[in-house]
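Please walk through the model below with its aromatic residues in mind.

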Amino acid sequence: MPRGTHLSQHEQGQIQALRLNNWTIRRIAGHLSHSHNVVATFLRNPGLYGKKKRPGRPSKLTSTARRALLREAHKGHLCSSELVKTLSLPVTPSTVRGILRATPTIQYSKIVPAPMMLPRHKIAREQWCSEKVTWTVSDWMNVVWSDEKKFNLDGPDGFGYYWHDLRTDNWMFSKRQQGGDSVMVWGAFSGTKKCELSVLNGKQDAIKYIDTLESYLLPFVDQEMGPSWVFMQDGASIHRARRTFQWFDEEEIPLLEWPAKSPDLNPIENLWGILARTVYAHQRQFKDVDELLEVIMEAWDEVSEECLEKLVRSMQKRCFECVMAKGGPTKY
């Protein structure tokens, strides 16, 4: 056997046995036809022999360049190829991605969509939340939250993610060539109570919106709400129409002033998200509107009181986070 080669498991056992019998390292090396250094290296630490990793090729990035890379990457403005170009790094974008993946304080994430805000929107949001920070849970429980939501036959707008078993074929997600049909619903809830969902047909205007409120909102508040409730709606055009506000005055419906560009402050937006995840579970698609409507109604009925209460209780944190962000978007 050539001198200086790696020791086999059998040889390692022989060396340990001979050493226990007080053989010298030189005698063991001669007996096994290995060099003195090979045997001595093994005996210094038998448990780690052969497990030490080679250092590999030295990194092309200096410690200064690595710190500059991480500092720039944490700003979140540049992709890996842009980081290489901007910082004139002597490595490829794939190397940069490997470095960033190994950094515990940074993660490659999908950008969360948020409405574009002007400075006046942020000022109005911060002011509104500053006024509402002192509201108690009981105050928020008296708000009737409302909104419209569209559901598509082919699934929600955006992308679906899943853990892929590499031993199987990729999942394929297709949409109809003509886009398929959709369903628009109006819903509301307050505290732990839900209003019946209204299916909206055709293009909506102020008159149709008032019809919806008369048929669904008024029976709900008459049955479920006390004397101090307030109605919340966003700034959609049919919500702000002159005829709509005339109807509010006629019916003496108290309105909650609402800042523009604030879906993150409206808990019913989160409720729609919960509903959509149930409706489109496992990338489900629907063959017609009737099938989709049936699943939507079932999912709405299954929303628990605990879920609604948790959403309402989050309002204090939403307002606080908005104030801390100086009116900017929040995680909600």
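Buried means under 20% relative accessible area, exposed means over 50%, and partly exposed lies in between, with a 1.4 Å probe and protein chains only. W145 is buried by that rule because its relative accessible area is 0%. W140 also counts as buried, at 0% relative accessibility.

This is a predicted model, in which local features need pLDDT of at least 70, side-chain atom pairs count only at pLDDT 80 or more, and totals for chains, interfaces and linings use all residues. Residues are numbered from 1 along each chain as its sequence is written, and side-chain values use heavy atoms, leaving out hydrogens and water.

Now the rings. A pair of aromatic rings is described by the distance of the centres and the angle of the planes. Rings of Phe, Tyr and Trp (its six-membered ring) pair if their centres lie within 6.5 Å; planes under 30 degrees apart count as stacked, over 60 as edge-to-face and the rest as tilted. The whole structure holds 11 aromatic pairs. One of them joins W140 and W145, which are stacked at 6.0 Å centre to centre with 25 degrees between the planes. Another joins F151 and Y280, a tilted pair at 6.4 Å and 35 degrees. This pair links distant parts of the chain, 129 residues apart. F151 lies in strand 1 (residues 143-152), and Y280 in the loop between helix 11 (267-279) and helix 12 (289-302). Helices (H or I, at least four residues) and strands (E, at least two) are DSSP runs, numbered from the N terminus. Both F151 and Y280 are buried.

A charge sits over a ring if NZ of Lys or CZ of Arg is within 6 Å of the ring centre and within 35 degrees of the ring normal. K149 places its charged end over the ring of F151, 5.7 Å from the centre.

H121 belongs to helix 7 (residues 119-132). H121 is buried, at 9% relative accessible area. Beyond its neighbours within four places in sequence, H121 is in contact (heavy atoms within 4.5 Å) with M116, A260 and K261.

Last, a helix contact. The axes of helix 13 (residues 305-313) and helix 14 (residues 315-324) come within 5 Å and cross at roughly 30 degrees. L311, V312 and R313 of helix 13 meet M315, Q316 and R318 of helix 14.

Conventions:
Axes are lines fitted to C-alpha atoms, for helices over the stretch in contact, and angles run from 0 to 180 degrees between N-to-C directions.
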